[in-house]
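I opened this one to go through its side chains, strands and core. My notes follow in the order I looked things up.

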Amino acid sequence: MMKLRVSYERPEELRRLLDRLGPEVKSWRHSQNREGRFLKAYIFLNEPRANHERR
């Protein structure tokens, strides 16, 4: 599983990113830390699939 931490100013920015990542997103959550200029979220992605077979 891959974990991304993203910072954003407006909820639409996060929504647009989640839409672009599409089916790769396993889950996501808001950060508990609400201080500062930027909001934060954690996005958990599915395991990447290998494009080739290992030999």
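**Lys3 and a ring.** I started with lysine 3, whose charged end sits over the ring of tyrosine 42, 4.9 Å from the ring centre. The test I used wants NZ of Lys or CZ of Arg within 6 Å of the ring centre and within 35 degrees of the ring normal.

**Ground rules.** This is a predicted model, so I note that local features need pLDDT of at least 70 and side-chain atom pairs count only at pLDDT 80 or more, while totals for chains, interfaces and linings use all residues. Residues are numbered from 1 along each chain as its sequence is written, and side-chain values use heavy atoms, with hydrogens and water left out.

**Aromatic pairs.** I searched the whole structure and got zero aromatic pairs. A pair would need ring centres of Phe, Tyr or Trp (its six-membered ring) within 6.5 Å; planes under 30 degrees apart are stacked, over 60 edge-to-face, the rest tilted.

I find an open sheet of three strands in the order 1-3-2, with antiparallel pairing. Strands here are DSSP runs of E, at least two residues, and helices are runs of H or I, at least four, numbered from the N terminus; two strands pair if DSSP finds at least two bridges between them. Strand 1 (2–8) and strand 2 (25–30) are the edges, each pairing on one side only.

**Buried or exposed?** Six of the seven residues of strand 3 are buried, so the strand is largely enclosed by the rest of the structure. Buried means under 20% relative accessible area, exposed over 50%, partly exposed in between (1.4 Å probe, protein chains only).

**Core.** The largest nonpolar core has eight residues: Val6, Tyr8, Leu14, Leu18, Val25, Ala41, Ile43 and Leu45. Such a core is a set of buried Ala, Val, Leu, Ile, Met, Phe, Trp, Tyr and Cys residues joined through side-chain atoms within 4.5 Å. Strand 3 gives the largest share, three residues. Leaving aside neighbours within four places in sequence, I listed the contacts of alanine 41 (heavy atoms within 4.5 Å); they include Leu4, Val6, Leu14 and His30.

**Lys26.** Lysine 26 lies in strand 2 and is exposed, at 55% relative accessible area. Not counting residues up to four places away, lysine 26 touches Met1, Phe44, Leu45 and Asn46.
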